[in-house]
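Below are some short notes for your review of this model. Please read them alongside the coordinates.

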Amino acid sequence: MDKLRINGGRTLTGEVLISGAKNAALPELCAALLTPELVTLNNLPRLQDVVTMRKLLDNMGVQTQTREDRSGITLKAADPIKAEAPYELVKTMRASVLVLGPLLARFGHARVSLPGGCAIGSRPVDQHIKGMQAMGAEIVVEHGYMEARLPMGRTRLHGARIATDMVTVTGTENFLMAAALAQGETVLENAAQEPEIGDLAEMLIAMGAKIEGHGTSRIHVQGVDSLHGCTHQVVADRIEAGTFLCAVAAAGGDVVLRHGRADHLDAVIDKLREAGAEIEAGQDGGGVFIRVRATGRLKAQSFRTTEYPGFPTDMQAQFMALNCIADGPSKVTETIFENRFMHVNELVRLGAHIQTDGKVAIIEGIPRLSGATVMATDLRASASLVIAGLVAEGETIVDRIYHLDRGYDQMEAKLRGIGADIERIK
């Protein structure tokens, strides 16, 4: 099992190329199921979750081929397709539920295992099931599988008004893909507004879908008879960009994040600026970028996670690591997932002063952390431990970094490129 060895105390300078977003790439890979024509995805991140999703699509009979420069993939979901997602390929990745909508919409049936993934809290699929049932699907859950099909005599899902009980990103994505081929109009109320949803919608529009309102909480989809192939560029990963912003803010330095989209990170950037970091966003010959500069100890910042465009839960652990060595006390309130403070005990092993009470963590910033061996518990917790290791005195070993590989494209190589003393131990 791979580990990371980090010797802290180095400032970070240079440039980092931000990869394509995992949370956009996964639904967009599934969207290839909506057409028998060729779909090309560029700027695809090299992540374990992407590899797993590709294996799942390969198992269904989708023809996939990686581009020679490894920056993209072509997919062709020509008949016949096996409309099943088995447990063996689904158990490690919750995003596998995203095949449900496309399979139902195009083939009229699907057998999808209940998903697995990070142990950061309950993320039930009941909202997905209710939405598909509103569009006419018959779904039963038995033996660990969702068995879904159209009623006898129907060949297509039908449009519906879907108002979810909570904001659900993967639910919104599943409904978007299903509605694109449904008969009539679908209105998604209480829809998620994340940039990755907008990116998926733009891909579907390039395939011939009729979608309006993406990026807002009310999305209109007018179903079409068929979709065609397309070429699409996966949007840059705002969480990877935010993680590097926190890393530089904590360790100090001057770094340019190429392809970073500041307009997707308003809440995080506002907090970093309040903490004392200098952040500049712009565009030059290399495209959009974010530049972050930090010197000295920053001021601790309290925040509360909430749905986009609020402070993202996927940035909570990384910013907490920054607060651990910032000046003053801070309070972090987690409102999205109930088990997302599992990194706290590991940060405490590095010397952090943190107390938790339910959904609230109270952090008392200290001048420095001390290196130790720590264990990653989930994807974003892994990133927080790397940031803490970058500023800790001495050597830090981060174990179980397979979590990190699920969501960060060559993180240690990128950090080494801007001056960090970090290496992967096989």
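1. Helices here are DSSP runs of H or I with at least four residues, numbered from the N terminus. On that basis asparagine 23 belongs to helix 1, and lysine 22 lies in helix 1 as well, the helix covering residues 22–31. Note that the model is predicted.

2. The UniProt record, an unreviewed entry, places a "binding site" feature at Lys22 and Asn23. Such annotations may be inferred rather than shown by experiment.

3. Lysine 22 counts as buried because its relative accessibility is 7%, under the 20% limit. Beyond four places in sequence, lysine 22 touches Pro27, Pro45, Leu47, Asp49, Asp237, Leu379, Arg380, Arg406 and Gly407.

4. Asparagine 23 has a relative accessible area of 28%, so it is partly exposed. Leaving aside neighbours within four places in sequence, asparagine 23 is in contact with Glu173, Glu196, Asp314 and Arg380.

5. Threonine 40 sits in strand 3, residues 38–42. With 13% relative accessibility, threonine 40 is classed as buried. Its contacts, not counting residues up to four places away in sequence, are Ile73, Thr74, Cys230, Thr231 and His232.

6. An open sheet with mixed pairing is formed by 4 strands in the order 2-15-17-16. Strand 2 (12–17) and strand 16 (278–284) are the edge strands, each pairing on one side only. On average, neighbouring strands of this sheet are turned by 15° against each other, direction ignored.

7. Within that sheet, strand 15 (residues 253–258) and strand 17 (residues 287–294) run antiparallel and are joined by 6 bridges. Valine 256 has arginine 291 of strand 17 as its bridge partner.

Methods
Residues are numbered from 1 along each chain as its sequence is written. This is a predicted model: local features need pLDDT of at least 70, side-chain atom pairs count only at pLDDT 80 or more; totals for chains, interfaces and linings use all residues. Side-chain values use heavy atoms; hydrogens and water are left out. Helices (H or I, at least four residues) and strands (E, at least two) are DSSP runs, numbered from the N terminus. Buried means under 20% relative accessible area, exposed over 50%, partly exposed in between (1.4 Å probe, protein chains only). Contact means heavy atoms within 4.5 Å. Two strands pair if DSSP finds at least two bridges between them. Axes are lines fitted to C-alpha atoms, for helices over the stretch in contact, and angles run from 0 to 180 degrees between N-to-C directions.
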